[in-house]
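Below is a set of questions and answers about how the labels given to parts of a model follow from computed values. The structure comes first.

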Amino acid sequence: MTSPRELIQRVDAALILADESRPEELRQLAESVAGATARLAERVGACDALWRQGRFDEARQAARRGEDLREAAALVTASAVTAWSGWCRRLGAPLPVPVDEARLRYVLERLDAGPGKLEQLLREYRRMTLGRAPLIDRLRVLRVIAKADPEQPAWLDDVRAFEQARHDELSRSLRDAEKRADAAQLRALKEELSSDPWLVPPPPRLLPAVEVALAPLVTRAAEQRYEALAEALRAAHGALDEARCHAAVEEWEALQATTRVAPPTASAGEIAPVRAWLKDKAEQRAADDAFANACAALEAGLDAGAPLAEIERLASAALRHERGLPQVLGARAASRVEALSSGQRARNALQLALVLAGAVVVGGLVTASWQHRSRAANVQRWTGQLGAALASDDLAATRALLGELARSDAEAYQAPEVRDLEAKLVVREQAEAERAAGFAAAASTVEGAGVGHVDFDALLRRAEALARTTTERALVEEWRHRRVVHQDEQQRYRDQALGPELEALTRDYEALREAVARDGADVQERVAACLAVARRLAAAGDASPRLRERAAAIVSGAEALAERALAQGERQQQIAQALERLRGTITADELAAGLMAFSNSFPDHPRATEFVKAASARDAWRAVDAWRALVVGLGPVRVQSRAAASDRRRAIEAYRTAHPLAPVAADVERLRAYYACAEETLEGDDVAGLKDVRALLDNRLLKDSFTVTDREGRRYYLLDGALPEPRGPDASAVYSFDYVVNARLVTRRKVWRTQEEGFDAVAQPSPQRRFSEAGWRLLEAPGRAWETLYLELLAAVLAEQDMDPILVASLARTLAELGRSVVPFGAEDLTAYERELKLVRDDVAWMDPDEREAESIRKRAQAALKRLPAVRPLVARVEAALRRPQVLWPAGVLLRDVRPVQGGAARGELYVVVAGTPMSLRRVGRFVDGAAQLDAAALSDVPQGTLVFATNEAEDQQ
């Protein structure tokens, strides 16, 4: 691609040669120039749009991407390109594409200037929005933005919306601060309410409520501080520490001034003696300083050779302190006064004589000239008073002064200056008489016309021009006031006619603002209707200025709302399209990329922050999907050979290595444990723990035990079923055998006489013997399923209704412990069996019918056995898991709905991945008849945009 510089050089060369004999070459050059200018125009338009949208970083990147923008700008600023356009017209070649030079200059200036104040503020505001900064912090930044960008009225609308939300926060903060008795928070609320520049004033009740809540806290804190200061005053005063006393007193006074809380009576008495002591110390220090200064002044006078009078004054000033003089200073002063006093007395007598003589000579001259000056001064005084009265237009006062002068001093009255002033007074009196007559006529005309006359203002202006006296001016002001009252009343009548329409317009405008603030769609028609009414009222000639101003303000606001609504409509459409794309995206990588793209495109959208959080679970989503692919690829879980089990175990362990924090870690470990057990079992054709089961079934207590029952129904357990024949004269048999005490076959020797004890003649096989026989049949059955062997044994032991409950609980717990490692798909259920049966003791002589402790444990065992879940459903679940393990399929994205996968049966549980180490799955609902039913409580902390998984029967079977 040819650079812009080369293109300009080629154009210059073509213009210089002026050769039209090679049109094809010139046409190619014209196409190159047209293409370069088209690219430049496109770049300038894109950069300008990005800058004006506030996307500053993207604008700079676009301006700097590709060829140098300033070099490319030369294509439209070079003079050769203008002349080149004429050649292109003659040749019929493509013309250079015009570029908006104003936009080009704007882009270049912004590129050179770097980030401005507004841009920095907007970046800070976006950062705070994404970080969910507190509302008050964002509001303060938003106010600064609105002030820095006054041409954009939308900022003020945002400030108002934020302030209204802040009002609710302030009410909640007030309640919280009251509950916690948090004085600092209450002070902050008071400062914000009273000093922040609110566009929407807070509720009037809020500030008084804060002050009422704060007052007792301030009083309590002040009283506590008074008590602490009283203690500090006692300690400082006792130590005579003046500095500490001063500091405590100053803090006391500052506390009293700022809080206006009176000190407690017990503490108030502590400060008075300290203040008195500090005052005494200050007065003593001032007296010491004054005495020292007086002594220093006296010493300075002695050093400078001051005269006797000065020395005596300085010495007197020092002696007034009644402390005497320092010895050296006193001796110096006395010596100096003695030296000066001897020569001074003679000079004082001569000076006094000269002063008296001068006074006699001067006295005669003064008497001679005094009379002349007195007459001139008298005329000047009267002239001044007359001139001042005449200058103030007070003709009556001037005439009164002249009469008084004529009566008191006829000579001064005849002075030329006075006569001139009297002549001026006569002229002024004649003019005033004429003016008064004219004002009377004008006043009569005004009064006759009335305040409603069409020419009342002109008549009033004429009367006002003639008014001079206070009474006349007061009359004019009264007429003017009556005229204003009349006009206001008439205007009020006109405004009352337009008032309802203005109020309705105001309500419509407020509703429109709320609709636009909520990103409401389809508001253009409402904006147009509001504008039509507002413009008509703003142009109404008979409306008051106040009404027209209100209507004009609504016009401006509605026009701004129209632009904002238009921009919001486009933005909403973009958001709706982006969200719809997200709904159709269920792969982890595509969804995470889509969420981040949405957040970058719409950083101030309420969901942007949640989308960023949701995208952070991408690796967990991948792990869930990879596990589904692995398990579905493996097919049925049950294996028939050790090699297959080994291969599958290694595949699962490789998955666990690749995804160590997978949310399905429990499922992974369960399946890995099964295949590990399958390897061991299929290799030796024996189940883990089976030796213990064989030993248990071969136990004499189960295998060889019999029972005998006496006539009272009590059961005894025997390990030998042969009963002796009766012997002796009483025909009774002595029955002696090892009597079984518990499952560990601890025995007791016991002897019964059959006739006396009342035993049956024949011993019966015990119920546990039947269980032993059933267990051996299960073990020796051909083709037995080793995965469910322990569950079958557990079902068999629980089915023996006649077996002692303590023995049943002991055998069931043993089988659950052994089977937990062999039945990984039912391990949780077997753990529940263990937990329930662990509370039943089996170390009691439960086979002894006379053992009282065994009876209470037997009842506990019966209750525990009743609480156990049935075993057969667990067997069915294990069999189902061996045929087809349950896996999770992506079902949709958590926005306002969860849409099922296309073509799915839409039945099953719904799960999401929640944060943690490792991440885990949480059930959040289920599909019912193709619709998602979500649990709001389970989704309370789950961010929007999260991928939702489902256990889908139809897809699990694929």
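Q: Which residues is Ser599 in contact with, leaving aside its neighbours within four places in sequence?
A: In this predicted model, Ser599 is in contact with Ala608, Phe611 and Val612. A contact requires heavy atoms within 4.5 Å. Ser599 itself sits in helix α24.

Q: What makes Ser599 count as buried?
A: Its relative accessible area is 5%. Buried means under 20%, so Ser599 is buried.

Q: Why are α24 and α26 called roughly antiparallel?
A: Helix α24 (residues 588–601) and helix α26 (residues 618–634) pack at an angle of about 160 degrees. Angles over 145 degrees count as roughly antiparallel, and therefore the pair takes that label. The axes of α24 and α26 are 9 Å apart, and their crossing is right-handed.

Q: Which residues of α24 and α26 meet?
A: From α24 they are Ala588, Asp589, Leu591, Ala592 and Leu595. Their partners in α26 are Arg618, Trp621 and Arg622.

Q: How do you know that α11 is roughly antiparallel to α12?
A: The angle between α11 and helix α12 (residues 242–259) is about 165 degrees, and their axes lie 9 Å apart. With the cut-off at over 145 degrees, α11 is therefore roughly antiparallel to α12. The crossing of α11 and α12 is left-handed. Residues of α11 that make the contact include Val218, Ala222, Arg225 and Tyr226, and among those of α12 are Arg244, Cys245, Ala248 and Trp252.

Q: Where is Pro204 found, and is Pro204 buried or exposed?
A: Pro204 is in the loop between α10 (183–195) and α11 (206–238). Its relative accessible area is 76%; exposed means over 50%, so Pro204 is exposed. Between Pro204 and Leu193 there are 10.0 Å in space, C-alpha to C-alpha, for residues 11 apart in sequence.

Q: What makes Ser173 count as buried?
A: Ser173 has 17% relative accessibility. The limit is under 20%, so Ser173 counts as buried. Ser173 lies in helix α9 (residues 154–180) and touches Gln185 and Leu189, not counting residues up to four places away in sequence.

Q: Why is Ala181 called partly exposed?
A: The relative accessible area of Ala181 is 40%.

Q: Which residues of α29 are buried, and why are they said to line one face of the helix?
A: In helix α29 (residues 690–697), the buried residues are Leu690, Val693, Leu696 and Leu697. Seen down the axis, they fall within an arc of 115 degrees, so they line one face of α29. What covers them includes α30 (700–703), α32 (767–780), α33 (789–799) and α34 (805–819).

Q: What puts the buried residues of α37 on the same side?
A: The buried residues of α37 are Leu874, Val875, Val878, Ala881 and Leu882. They cover an arc of only 125 degrees around the axis, which puts them on the same side of α37.

Q: How many helices and strands are in the chain, and what share of the residues is buried?
A: The chain has 38 helices and 10 strands. Of its 958 residues, 39% are buried.

Conventions. Residues numbered from 1 in each chain as written. Predicted model: local features only at pLDDT ≥ 70, side-chain atom pairs only at ≥ 80, totals over all residues. Heavy atoms only, no water. Buried < 20%, exposed > 50% of the residue type's maximum accessible area, 1.4 Å probe, protein only. Helix = DSSP H or I, 4+ residues; strand = E, 2+ residues; numbered from the N terminus. Arc of directions from axis to C-beta. Axes fitted to C-alpha atoms, helices over the stretch in contact; angles between N-to-C directions. Parallel < 35°, antiparallel > 145°, perpendicular 65-115°, else oblique. Left-handed = near helix turned anticlockwise from the far one by under 90°.
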